[in-house]
Amino acid sequence: MMAPVLDVLSWVCLLGGAFFLLVGAIGILRFPDFYTRLHAVSVCDTMGAGLVLIGLMLQGGLSLVTVKLLLMFYFMLFTGPTAVHALAEAALQGKLKPVVDEHEP
Amino acid sequence: MEYFIDVVLLGLLMITGFAIVRMKSLLAVAMLTSIYSLLSASLFMVLDAVDVALTEAAIGAGISTILMLATIALTGDEEQAPRHKPLLPLIVVFTTGAALIYGTLDMPHYGDPAAPVHRHVAPTYLQDTPEKIGVPNVVTSVLASYRGYDTLGEVTVIFTAGAGVLALLGYRSRRRNIQGREIKRLVVLRVIAKLFFPLILLFALYVLFHGDYGPGGGFQAGVIFATGFILYALAFGLGNAQRLIPHQLLRIMAAVGVLIYAAVGIESMLLGGKFLEYRVLADDPVTGQHLGIMLIELGIGITVAAVVLIILFCYVSRRD
């Protein structure tokens, strides 16, 4: 009864994660400067990897694998944004100017 | 499906290789070599060589990258223009490459069950490990028990590397500690680093003592243990990290690890066995093997962690 529902949910999560990873990758290539690219990277880290891990957890069911995936999820949840924050901080201290659209009214 | 993953990973490896050659910024090259290692680790994972994958990920993608970055911080990050024409190196590389490819023609096909590597000692190891050593992870039993001499040699090499770096670069102690108001800066990084520091050490101990049952062992655990302190040093500065783990202690630890390993060997000789024959260490041969493997893994872990930290701190302490 529950198995097909979980399967569908897990696939929704996996495909959603893949979508966010793709969007993040396109963002890294297309965005104009360092700070906006960091924004794209953080999408990959949190939404992309997070959703993929949740999807895998639903596939794993109640087992040791799920516990390990949960630990990874917890780890990613903290390290991803911290790494991006540290990068942005370092870039600011290195006097890297963000690209600003000066034609704005 | 596996074939597809192999092709994609190997293709990415090739692209990364070309990118490394083409790049002029050494900082970018260091990051690309890290990616290269991560791709290799994934490839090992596909090949079911989990222990090797863990080592490659921890050492290749982690520690080597940090060491390269530390070196670049000392030397500058622009590649110098070559002083000679690329023709001669190109000829040398092509000849060597052609010779190597010619050499592979004689090798058995990939995955051939009749290949010498699958017939010589490997079947014995696989058959005897469960009853003679009683360790589920055959890699650990080969590394620590059957090939204990080799591994002792490897640990000694690592110790020698640490001693060599120490002798060549020397070590300057830094007294400057970050404290008081200064510690309030970079607060996100520092809080997270403090939160994860004990977890990383705990994970290293898990990898160390779980090496009998799953992927892992002394080498990986030592590197992960060192990573905890490197994270601390990155977030709080070298001075604070040195207060946490003094340089004198590191030097002693590097030697203690090798000595533990060798002492296990001598102890087994004293108990009437051969050098590194663990089964005499306890009444039951299998328990003896377990005990011996655990002790030498501990020794490996201590030496690896200490040497990695010595090398890194030597590099970083030169930058003033």
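**Figure 1. I224(B) and its contacts.** Leaving aside neighbours within four places in sequence, I224(B) is in contact with A58(B), I200(B), F203(B), A204(B) and V207(B); two residues are in contact if their C-beta atoms, placed from the backbone, lie within 7 Å. The model is predicted: local features need pLDDT of at least 70, side-chain atom pairs count only at pLDDT 80 or more, and totals for chains, interfaces and linings use all residues. Residues are numbered from 1 along each chain as its sequence is written, while chains are lettered from A and ligands numbered from 1 in the order in which they are written. I224(B) is in helix α10 of chain B. Helices (H or I, at least four residues) and strands (E, at least two) are DSSP runs, numbered from the N terminus. I224(B) counts as buried because it has 26 C-beta neighbours inside 10 Å. A residue is buried if 20 or more other C-beta atoms lie within 10 Å of its own, exposed if 12 or fewer, and partly exposed in between, with C-beta atoms placed from the backbone. From I224(B) to I59(B) is 165 residues in sequence and 8.7 Å in space, C-alpha to C-alpha.

**Figure 2. The largest nonpolar core.** A nonpolar core is a set of buried Ala, Val, Leu, Ile, Met, Phe, Trp, Tyr and Cys residues joined through C-beta atoms within 7 Å. The largest one has 61 residues, and those that touch the most other members are V223(B), A226(B), V307(B), V308(B), L309(B), I310(B) and L312(B). Among the elements of chain B that give two or more residues to this core are α3 (50-75), α10 (218-236) and α13 (285-317). Helix α13(B) gives the largest share, 17 residues. The core lies between domain 1 (1-107) and domain 2 (136-320) of chain B, because both give residues to it. Not counting residues up to four places away in sequence, V223(B) touches A58(B), I59(B), G62(B), I63(B), V304(B) and V308(B). A second, separate core of 10 residues includes C13(A), F20(A), C44(A) and L69(A). In soluble globular proteins, nonpolar side chains tend to be buried together.

**Figure 3. The two domains of chain B.** The domain assignment gives domain 1 (1-107) and domain 2 (136-320); such bounds come from an automatic or database domain assignment. The centres of the two domains, taken over C-alpha atoms, are separated by 26 Å. In the contact between them, 14 residues of domain 1 meet 18 residues of domain 2. The side of domain 1 that touches domain 2 has 10 nonpolar, 3 polar and 1 charged residues. Here Ala, Val, Leu, Ile, Met, Phe, Trp, Tyr, Cys and Pro count as nonpolar, Asp, Glu, Lys and Arg as charged, and the others, Gly among them, as polar.

Figure 4. Helix α13(B) has 33 residues, and its first and last C-alpha atoms are 47 Å apart, close to the 48 Å expected at 1.5 Å a residue. The expected span of a helix is 1.5 Å times one less than its number of residues. Helix α13(B) is mostly covered, with 24 of its 33 residues buried. Helix α1(B) covers residues 2-22, and its end C-alpha atoms are 30 Å apart, in agreement with the 30 Å that its 21 residues should span. The number of buried residues in α1(B) is 0, so this helix lies largely in the open.

**Figure 5. The bend in α9(B).** Helix α9(B) has 23 residues and reaches 34 Å from its first C-alpha to its last, close to the expected 33 Å. At F196(B) it bends by about 30°, and a proline, P198(B), follows within four residues. The bend at a residue is the angle between axes fitted to the seven residues ending there and the seven starting there. The buried residues of α9(B) are A193(B), I200(B), A204(B), V207(B) and L208(B). They pack against α10 and α13 of chain B.

**Figure 6. Two loop residues with positive phi.** Most residues other than glycine have a negative phi. D48(B), in the loop between α2 (26-46) and α3 of chain B, has a phi near 70°. D48(B) is exposed, with 8 other C-beta atoms within 10 Å. L276(B), in the loop between α12 and α13 of chain B, has a phi near 60°. L276(B) is buried, with 22 other C-beta atoms within 10 Å.
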